[in-house]
Amino acid sequence: MSEFREIRNLMKVIHGGRLLGLWSLFLCVLSPETATFAMLISLAAVSDINYRVVPNTICLAIAGLGIVNMILSGAEIKWALLNVMAAFILLLLVKVFFRDGIGMGDLKLLLACAFIMNIFSLATGLLLGCVLAAGAGIFKLHSLKESLPLVPSLAIGLIAVSIL
């Protein structure tokens, strides 16, 4: 029943996300993999803003996109799995050192992104996203009584890194 509710909330995000329509016009100039990745992570960002939840279906779709991309590009699976394990260790260290600074949904999304990006691109996107989130906190773009959703900032950082 939880998965059904999650899919229903995702459909509300897609239907209500007028910004995603404009975003899709920009994505037409990118490669299909990058455009699909950007759309999925944008959906996760909108969901995090509206519901403070990163749906499992989006994370699985991102990981699945990475696996399909690995198979089609002929990448060696052992190096891809080593990359995912390195990302898992990196994210585990981030969670240990910043307990309340990053949620499990953020980590789940970043680990799914490790199937698409290498560890250095993932770390760069994470750093850029955290800098953007810190800037949003400094300029008080949200209420001080609430925590700041991190996925929108991570989405900007990860999409920028994947495009460049």
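**Figure 1. The largest pocket of the predicted model.** The largest pocket holds about 500 Å³ of space. A pocket is found on a 1 Å grid over the protein atoms alone, as an open set of points where a 1.4 Å probe fits, with protein on both sides within 12 Å along at least five of seven lines. Its volume is the space filled by probe spheres set on the points, which are joined across faces, edges and corners. Rolling a probe the size of a water molecule over the atoms shows where empty space is left. This is a predicted model, in which local features need pLDDT of at least 70 and side-chain atom pairs count only at pLDDT 80 or more, while totals for chains, interfaces and linings use all residues. Residues are numbered from 1 along each chain as its sequence is written, and side-chain values use heavy atoms, with hydrogens and water left out.

**Figure 2. The lining of the largest pocket.** Lining residues have an atom within 4 Å of a grid point. There are 23 of them, and G101, I102, G103, D106 and L150 are the closest to the pocket centre. Two elements, α6 (104-113) and α7 (119-138), each give two or more residues to this lining. The largest share, five residues, comes from α7. Helices are DSSP runs of H or I with at least four residues, and strands are runs of E with at least two, numbered from the N terminus. By class, the lining has 14 nonpolar, four polar and five charged residues. Here Ala, Val, Leu, Ile, Met, Phe, Trp, Tyr, Cys and Pro count as nonpolar, Asp, Glu, Lys and Arg as charged, and the others, Gly among them, as polar.

**Figure 3. Helix α6 and its cover.** The buried residues of α6 are D106, L107, L109, L110, A112 and C113. Buried means under 20% relative accessible area, exposed means over 50%, and partly exposed lies in between (1.4 Å probe, protein chains only). The cover over these buried residues includes α3 (32-51), α4 (56-73), α5 (77-97), α7 and α8 (151-163).

**Figure 4. The surroundings of D106.** D106 is found in helix α6. With a relative accessible area of 9%, D106 is buried. Leaving aside residues up to four places away in sequence, D106 touches D48, L150, V151 and L154, where contact means heavy atoms within 4.5 Å. The side chain of D106 reaches the backbone nitrogen of G103 at 3.1 Å. D106 and A44 are 62 residues apart in sequence, yet their C-alpha atoms are 9.6 Å apart in space.

Figure 5. S47 lies in helix α3 and is buried, with a relative accessible area of 3%. The C-alpha atoms of S47 and V151 are separated by 9.0 Å, although the two residues are 104 residues apart along the chain. R52 is found in the loop between α3 and α4. Phi of R52 is near 60°, a positive value in a residue other than glycine. At 38% relative accessibility, R52 counts as partly exposed.

**Figure 6. Helices and confidence.** The secondary structure of the protein comes to eight helices and zero strands. The mean pLDDT, the predictor's confidence in each residue from 0 to 100, is 80 for the protein, and 79% of its residues reach 70 or more. Confidence is lowest in helix α1 (residues 2-16), at a mean of 53, and highest in α4, at 92.

Definitions and conventions
Polar contact = N/O pair within 3.5 Å; in protein donor to acceptor, adjacent residues only side chain to side chain.
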